[in-house]
Amino acid sequence: MAYETIDCTVTEGVGTITLDRPEAYNTLNDRMAEELPEAARALASDDGVRAIALTANGDAFSAGADLGALSGDGSDEARIRRIAAGLHEFVGQLVRAPKPVVTGVDGVAAGGGLGPAICGDIVLAAESARFEFAYPRMGLCGDGGSTYFLPRLVGLRRAQELVFRDEPVGAEEAAEIGLATEAVPDGDLGDRLAEEAARLAAGPTRAYAAAGRLLAGSFGTPLETQLADEADEIAELTNTTDFARGHAAFGTDESPEFAGE
Amino acid sequence: MAYETIDCTVTEGVGTITLDRPEAYNTLNDRMAEELPEAARALASDDGVRAIALTANGDAFSAGADLGALSGDGSDEARIRRIAAGLHEFVGQLVRAPKPVVTGVDGVAAGGGLGPAICGDIVLAAESARFEFAYPRMGLCGDGGSTYFLPRLVGLRRAQELVFRDEPVGAEEAAEIGLATEAVPDGDLGDRLAEEAARLAAGPTRAYAAAGRLLAGSFGTPLETQLADEADEIAELTNTTDFARGHAAFGTDESPEFAGE
Amino acid sequence: MAYETIDCTVTEGVGTITLDRPEAYNTLNDRMAEELPEAARALASDDGVRAIALTANGDAFSAGADLGALSGDGSDEARIRRIAAGLHEFVGQLVRAPKPVVTGVDGVAAGGGLGPAICGDIVLAAESARFEFAYPRMGLCGDGGSTYFLPRLVGLRRAQELVFRDEPVGAEEAAEIGLATEAVPDGDLGDRLAEEAARLAAGPTRAYAAAGRLLAGSFGTPLETQLADEADEIAELTNTTDFARGHAAFGTDESPEFAGE
């Protein structure tokens, strides 16, 4: 697929998806809703990609669905379903990808842009980033995984405050309450995102993926089932090259060189 | 039903339930355990009510079950079951009501009074409010939804601290850790509660209800199911008057006038 | 069973398990993985034991699995499975024991040592305690319940930070974010642990156990089910001696003397 609304590149083990409709605040239109899951699937299944980075060109991360493409007259249901389907396939692919995901957020991440912004294993927020639920202003509820991630990340009370008061959250506060992992200076976001993605890509990516899966499913899983899942995952990882290298380096001054296999 | 232990009024789209046994610290007796779910059901199903407020008369929000009505001699099981059944039907009706709920807490909210105090989408705590688990002092465990809400609101560790150390939490701390949304000056609670309820009642209440349902079920729901639920809810909302009005107002200086339909 | 790698004592209603391989940083070997669940089962089923304390001798709480006992050459799967099985049975017994559990953590709690350190109803951390996920350095994911407890205790974002950045967390920060209940001065850990365990053992331990069960299962349980579980547990507790004593002492200056039955 030749992408029109996004960029998708692979460099030294890092696959990067960049939202690229800056003139439209990177809002989701029909085309972007097709391209995003396509790109995520491609990176998730590419063995040469060991970490995925998600970011955006321009002043906004993403302002959500493209409202200009909607009529507001009761005829939008099919289009909203299509856009949500693409957005949800995208978020699902990122979370289920067998490799770590880091997002870099600058400007506004609102409505349908909020879920993708916060779905990463690590979320870097530029100082000028602004997280907003925003749906109620349109008479809508959340999508894009926002109602999945918000309570898990910031607790139910803060999630309710974001929904029922709908005030924007800046980068510092986002890092404090757990929407973001860290706030970084505006000019540094690109470099910091590249660094973090490179670090993750050079790490034990199969182990990261297993740990990510275990964390993602944790809240809904009974203790005994989670323990059994942990045992299965860790036992399987003892057969990897990465475990052999980690074991060999233990207690030495050397850092293991992980292969992601 | 003519209420004896509570007040229940409807004014300009806001249904307000006020606990009204101030001489008994608004403790739950048999009668209150019948009246609370009855009132909640009435407000939940009244289309003219677009937001529900819960508060209390007197110095306490509620000190829980009426211990004077219990004998402590091993003959209380049936009565406790009846009171818990009423209390639980009440909390369930509030959480499932297709409209937002705001609580206003002044004085002590302890034992069976804790769950109702913290079950709102928004919880305003007067400075002199005091949240206490309190059950262990009686040799009892939690009810009223307290063990449902506490870990979701404040995390498992803080919930355990509230249970196993059982120290009172003041309003400021409650707002900090997520028991309450906000601490307000003692004299302002009534006005602030009325304002917040009026604001919610004038909002996109169907959208609020959908978002509230999605948040409430989130922790126990797998990602893919939550995404599918979000898609269904948001698609349905595109057919509402509120979406049409939100869409029309977008990008203008006007605020949409939401109808809750 | 005569224990070689741990101590297990019962004094005045408190059962204490002490990891006792200080020369090996209390790492888990085959023997310790057999002894821990055995000791936990014994204390859980001993009616004379009303609270369980878990701590460790030496400079480390536990550095996880004994890496010296592993070859790193792809032949470790069976041994890791055995050690994880013992560790998981241990953690499961502690969480399901019908009595409260308090842990006292000094020095490093890393890898397979992390889950046991944080699984208590109350967790006391000496100032020099250090909590580390540590698995990725070995090319491994979490076990020991770490992926169950971390998101519940500190939220998903902080849990991801612990996993994907893997930096040690000191005692003060641990208490702030919810890994630990409280940070205590290094020299005081033993006394404070004994005090806290004695306080819990003198409390309404059946009620504590019921509340602990309700909190542990809360995140994965729908509201209506949690309410029904609460009603069953509290109704049953009205038939206990502890409820009778709590009820009799209510409103007096006396503290009830709880019997745990």
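# Exercises on a predicted three-chain model

In this predicted model, the centres of domain 1 and domain 2 of chain A, taken over C-alpha atoms, are separated by 26 Å. Have the structure open and work through the exercises below.

## Exercise 1: Two domains in chain A

Find the bounds of the two domains of chain A, then describe the contact between them.

*Solution.* 
- Step 1. Colour residues 6–201 of chain A as domain 1 and residues 205–249 as domain 2.
- Step 2. Look at where the domains touch: domain 1 of chain A contributes 10 residues to the contact and domain 2 of chain A contributes 6.

## Exercise 2: Helix H9 of chain A

Which residues of helix H9 of chain A are buried, and which helices do they pack against?

*Solution.* 
- Step 1. Select residues 241–249 of chain A, which make up helix H9.
- Step 2. Show their surroundings: the buried residues of H9(A) pack against helix H7 (205–216) and helix H8 (223–237) of chain A.
- Step 3. Continue past the helix to Gly251(A), which follows H9(A) and has a positive phi, near 80°.

## Exercise 3: A sheet in chain B

In what order do the strands of the open sheet E5, E7 and E8 of chain B lie, and why is one side of E5 and of E8 left without a neighbour in the sheet?

*Solution.* 
- Step 1. Trace the 3 strands; their order is E5-E7-E8, with mixed pairing.
- Step 2. Go to the edges. Strand E5 (108–110) and strand E8 (169–170) of chain B each have a single partner strand, so each has one side without a neighbour in the sheet.
- Step 3. Zoom in on E5(B) and strand E7 (residues 130–132) of chain B: they run parallel and are joined by 3 bridges. Here Val108(B) faces Arg130(B) of E7(B).

## Exercise 4: Relating the chains

What rotation and shift superpose chain B on chain A, and which residue of chain B comes closest to the rotation axis?

*Solution.* 
- Step 1. Rotate chain B by 120° with 0.0 Å of shift along the axis; it then superposes on chain A with an RMSD of 0.0 Å. This is the relation of a three-fold axis.
- Step 2. Look along the axis. In chain B, Gly220(B) comes closest, its C-alpha lying at 2.4 Å.
- Step 3. Compare the interface residues. Only 7% of those in chain B are also interface residues in chain A, so the copies meet through different surfaces.

## Exercise 5: Two sides that touch chain A

Which helix gives the most to the side of chain C that touches chain A, and which gives the largest share of the side of chain B that touches chain A?

*Solution.* 
- Step 1. Start with chain C: the contact takes 41 residues from chain C and 45 from chain A. Helix H2 (77–96) and helix H4 (146–164) of chain C each supply at least two residues of the chain C side, and H4(C) gives the most, with 12 residues.
- Step 2. Classify the chain C side: 20 nonpolar, 12 polar and 9 charged residues.
- Step 3. Turn to chain B, where 45 residues of chain B meet 40 residues of chain A. The largest share of the chain B side, 10 residues, comes from H8(B).
- Step 4. Classify the chain B side: 25 nonpolar, 13 polar and 7 charged residues.

Methods. Residues are numbered from 1 along each chain as its sequence is written. Chains are lettered from A and ligands numbered from 1 in the order in which they are written. This is a predicted model: local features need pLDDT of at least 70, side-chain atom pairs count only at pLDDT 80 or more; totals for chains, interfaces and linings use all residues. Two strands pair if DSSP finds at least two bridges between them. Helices (H or I, at least four residues) and strands (E, at least two) are DSSP runs, numbered from the N terminus. Two residues are in contact if their C-beta atoms, placed from the backbone, lie within 7 Å. Ala, Val, Leu, Ile, Met, Phe, Trp, Tyr, Cys and Pro count as nonpolar, Asp, Glu, Lys and Arg as charged, and the others, Gly among them, as polar. A residue is buried if 20 or more other C-beta atoms lie within 10 Å of its own, exposed if 12 or fewer, and partly exposed in between; C-beta atoms are placed from the backbone. Domain bounds come from an automatic or database domain assignment. Copies are superposed by least squares on the C-alpha atoms of residues with pLDDT of at least 70 in both.
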